[in-house]
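Work through the exercises below with the sequence and the structure open. Each task is followed by a solution in steps.

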Amino acid sequence: MDRSNAGRRRRRVVTAEGAAAPGGLTRRRRRQLSLGGQYGIFVVVVVLVLALADWGTLRLNFANWDVAKSLFPEIITVGLRNTAVYTAVGFGIGLGGGLLVALMRLSSVPPYRWFATSYIEIFRGLPLLLIFIFVGVGVPLAFPGTNIPGGAAGQAGLALGLAATAYMAETIRAGIEAVPKGQLEAARSLGMSHTRAMRSIVIPQAFRIIIPPLTNELVLLCKDSSLVLFLGITLQQRELTKFGRDLAGEQGNTTPIIVAGICYLLITIPLSLLARRLEARQRRGRR
């Protein structure tokens, strides 16, 4: 009896799947035709673009090999190096500040929580460009004679770090809260203080959880470092965007901007792939 019922259910499913519509087409056939139409539209658009584009003009203005060769090695030794330095300094400041603000956000002391919440809401709501202007213009006016250590790298790192701290603080807080509370309770039952338990048990586990989003934050900081140009940097302090923009203006060609974009991709694509691999490893670990 059970086998016959199962057989009838399978026949009903097959019949429903293959049932013809009023026009005579089955549901599966309609899906196939729809997918084929989408592929056809895509191919037609690609063919039209390839046929109508002026490849000679595009190559001359966007992929000029002679212009590209003239950018090396300075685009690597100056532009790419400065971009990496600004990103690293901003990430270091953001990571340290984010951990501190996250712990304040979770503190049982109300003033700490109020300060952390206010900081996060303010710096997550402000455009990053305003933060760069504040660091480059506001700090010298507010504190005359005060120089931020590290010159342009210090200013860029501080501006990037102030913004990154707000985002990383929320990421770290979520990671800490994702650690089972039993971990902290077990550590306390063994005689550990709350501070030691957080430092030795909870925070290391939280960082293993949040490594993928932190890697994504590093990618964002790398791209946001292009705003350093608003700090009034020198030729030797230029990052990739400023370098490409200056050379494009000098040579009347957009190839330097394309090469600068490729240099950004040399940083961001490996980091994005790393973040995906870490996320996949975490998913496998949860199973």
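The model is predicted.

**Exercise 1.** Find which residues Gln155 is in contact with, leaving aside its neighbours within four places in sequence, and decide whether Gln155 is buried or exposed.

Solution. 
- Step 1. Leaving aside the neighbours within four places in sequence, the contacts of Gln155 are Val135, Ile148 and Leu231.
- Step 2. Locate the residue: Gln155 belongs to helix α8, which covers residues 151-178.
- Step 3. The relative accessibility of Gln155 is 18%. Buried means under 20%, so Gln155 counts as buried.

**Exercise 2.** Describe the largest pocket: its space, its lining and the elements that contribute to the lining.

Solution. 
- Step 1. The space in the largest pocket is about 470 Å³.
- Step 2. Its lining consists of 18 residues, and Leu106, Ile176, Leu184, His194 and Met198 lie nearest the centre.
- Step 3. Two or more lining residues come from each of α8, α9 (181-189) and α10 (194-224). With six residues, α10 gives the most.
- Step 4. Sorted by type, the lining has nine nonpolar, five polar and four charged residues.

Definitions and conventions
Residues numbered from 1 in each chain as written. Predicted model: local features only at pLDDT ≥ 70, side-chain atom pairs only at ≥ 80, totals over all residues. Heavy atoms only, no water. Helix = DSSP H or I, 4+ residues; strand = E, 2+ residues; numbered from the N terminus. Buried < 20%, exposed > 50% of the residue type's maximum accessible area, 1.4 Å probe, protein only. Contact = heavy atoms within 4.5 Å. 1 Å grid on protein atoms, 1.4 Å probe; cavity = no way out; pocket = protein on both sides within 12 Å on 5 of 7 lines; lining within 4 Å. Points joined across faces, edges and corners; volume = space filled by probe spheres on them. Nonpolar A, V, L, I, M, F, W, Y, C, P; charged D, E, K, R; others polar.
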